[in-house]
Every structure is written in C-alpha cells, then in structure tokens.
Amino acid sequence: MINIHNVSLSYADRTVLRDVSLSLTERRIAVIGANGSGKSSFARMLNGLVLPTEGEVEIDGLNTRTHGKDIRQKVGFVFQNPDNQIVFPVVEEDLAFGMKNLGFSKEKIAQKTDEILTRYDMRDLREHPAHLLSGGQKQLLAISGVLVMEPSYIIMDEPTTLLDLRNKRRVSEAIMALEQTVILISHDLDLLHDFDRVIVFDEGRVVEDNIPSVAVPAYVKRMT
Ligand SMILES: Nc1ncnc2c1ncn2[C@@H]1O[C@H](COP(=O)(O)OP(=O)(O)OP(=O)(O)O)[C@@H](O)[C@H]1O
C-alpha cells in the first residue's frame, strides 16, 4: 500500500504540492490535472526520486526518506519519452541491464527476457538496435525494462503522449493487463474508463478523488 501523509513540496520559492494525504490501495489509479498542477512531481515522490518538503511517503511501510534504494526496486517508473529510459544500443542488452544490477543469474535474465519479448510480440527484435524501434515498440521496451525488475508498483508518467492511435491502444492494453498496481499520470482521458480511481490535481491540491465516471466529467467541467 502507498500512504501519503500531509505532503507538501516546494522547489525554491514555488510550492508545487500542498498538504496532500492519500492512501493508494486500488490496482488502477489515474492522476489527472492541468499543466503544472503537480502531477509529475507527485509521481516522482512515489518512488523517492523527489522527497517531500513536509510530510511522509510510505511504500509498504517503507519511508522514501530512509529506504530510497529498496523503494526504487519496488516501484518502477516509466517516463513519457522512452528515449530517456532506454540506455543500451541493443534490445536484449537494455533489458538485461537492470536485472544484472539486481544480481539476477544469467539463466533468469535469459528466461525473463524471452518471456517479456514474447508477451509484447517482440521476440524477433531481441538483437535489434533499440534506437531503430518504432515509438510504440520503444515504449513497450521501456515498460518491459521496468517489468523484468519485478516491481510491485508501476508509475507511468504520460506513457502514451508521443504515440499514434494504434500504439496508444497497444500500450493501453499492456497497462490494463499488468498484474501490478499501476499509477498512471495522463492527459489522455480515453485511457481511464476501466480504472478503479481517478485523482484530480489543481494547483498542487487534490480536488477530486472518485471513480472515472464521476471524476472525469468533474475535471472536464473544471477545465471548460
Ligand atoms: N525540478 C524543478 N525545479 C523547479 N520547479 C519545478 C521542477 N519540477 C517542476 N517544477 C515546477 O513545478 C510545477 C509543477 O510541475 P509538474 O511537472 O509536477 O506538473 P504537471 O502537472 O506534471 O505538469 P504537466 O501536465 O505540464 O506535465 C510547475 O510549475 C513546474 O515548473
């Protein structure tokens, strides 16, 4: 479970999150809000990339201030632009990197690589140069690189923004099929129909927190 207790976040003189308290227990949670409302900062706090100025964030009882390393293994992060996440030139090398860091055996790395590439229909691309993949394939590789590390939670910060309709659908299906808890930051309201919970941020505060059929129309009304 992710627990956020009275969290505020400021960068220099700018306050970005204001007294946010949430308990995140659902499997599919979306975070939406206007540009600059604090969504990405919130997402980065959930795996300890950013520490709150005030308050505490706990993942399964571990505080992000004191257990950053454990938490980054528990909480995977998928960025908007997969080019920022794919670091090795060849698909299988990129997948192996994180697993090697975690000390997985050669056999386990080979097995997990095979499994994940099969899942996303990319087995033929195992030895393919990563930079030559399509945008959709790159995003699936970035998601794969996170999944092979066996996280319990996956945070995704606008993972479909750069994708065409077909790849958006592919990534959306991939998200819905994940067994892990997913926290998705998105401007793409079409992705959220089957989510369990939608949290709306406005100027660093939670202003709606409900099922999609209630929270999304309330957000649209706010924005128009
Ligand atoms: N590292 C930083 N240093 C200073 N200010 C920052 C930093 N990161 C974000 N901000 C500021 O914090 C505010 C919230 O940004 P954030 O990226 O969290 O919002 P967002 O809701 O994700 O926006 P968007 O929808 O545009 O991605 C913005 O005003 C931004 O300029």
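Trainee: In β8, which residue is the bridge partner of Arg 28?

Mentor: That's Val 182 in β8. Before we go on, this is a predicted model, where local features need pLDDT of at least 70, side-chain atom pairs count only at pLDDT 80 or more, and totals for chains, interfaces and linings use all residues. Residues are numbered from 1 along each chain as its sequence is written.

Trainee: And what counts as a strand, or as a pair?

Mentor: Strands (E, at least two residues) and helices (H or I, at least four) are DSSP runs, numbered from the N terminus. Two strands pair if DSSP finds at least two bridges between them.

Trainee: OK, how do β3 and β8 pair, then?

Mentor: In the parallel sense, over four bridges, with β3 covering residues 28-33 and β8 residues 181-185. Ala 30, for instance, stands opposite Leu 184 in β8. β3 is also joined to β9 by five bridges, and those two run parallel as well. There, Gly 33 stands opposite Phe 201.

Trainee: Is β3 buried or exposed?

Mentor: Five of its six residues are buried, so β3 is largely enclosed by the rest of the structure. Buried means 20 or more other C-beta atoms within 10 Å of the residue's own, exposed means 12 or fewer, and partly exposed is in between, with C-beta atoms placed from the backbone.

Trainee: What's the strand order in that sheet?

Mentor: It's an open sheet of six strands, β6-β7-β8-β3-β9-β10, with mixed pairing. β6 (75-78) and β10 (205-210) are at the edges with a single partner strand each, so one side of each is left without a neighbour in the sheet. From one strand to the next, the twist averages 20°. Angles here run from 0 to 180 degrees between N-to-C directions, and axes are lines fitted to C-alpha atoms, for helices over the stretch in contact.

Trainee: Which strands of it does α1 touch?

Mentor: α1 packs on the sheet against β3, β6, β7, β8 and β9, and its direction makes about 155° with that of β8. Contact means C-beta atoms, placed from the backbone, within 7 Å.

Trainee: Which residues of α1 are buried?

Mentor: Lys 39, Phe 42, Ala 43, Met 45 and Leu 46. Down the axis of α1, they fall within an arc of 160°, so they line one face of the helix. That arc is taken over the directions from the helix axis to the C-beta atoms.

Trainee: What about the other sheet, what's its order?

Mentor: Four strands, β2-β1-β4-β5, open and antiparallel. β2 and β5 are the edge strands. Seven bridges join β1 to β2, and Ile 2 stands opposite Leu 24 in β2. α1 packs on this sheet too, touching β1, β2 and β4.

Trainee: Switching to the ligand: which element gives the most to its shell?

Mentor: α1, with three residues. The shell includes Tyr 11, Arg 14, Gly 38, Lys 39 and Ser 40.

Definitions and conventions
A residue is near a molecule or strand if its C-beta atom, placed from the backbone, lies within 6 Å of it. Two residues are in contact if their C-beta atoms, placed from the backbone, lie within 7 Å.
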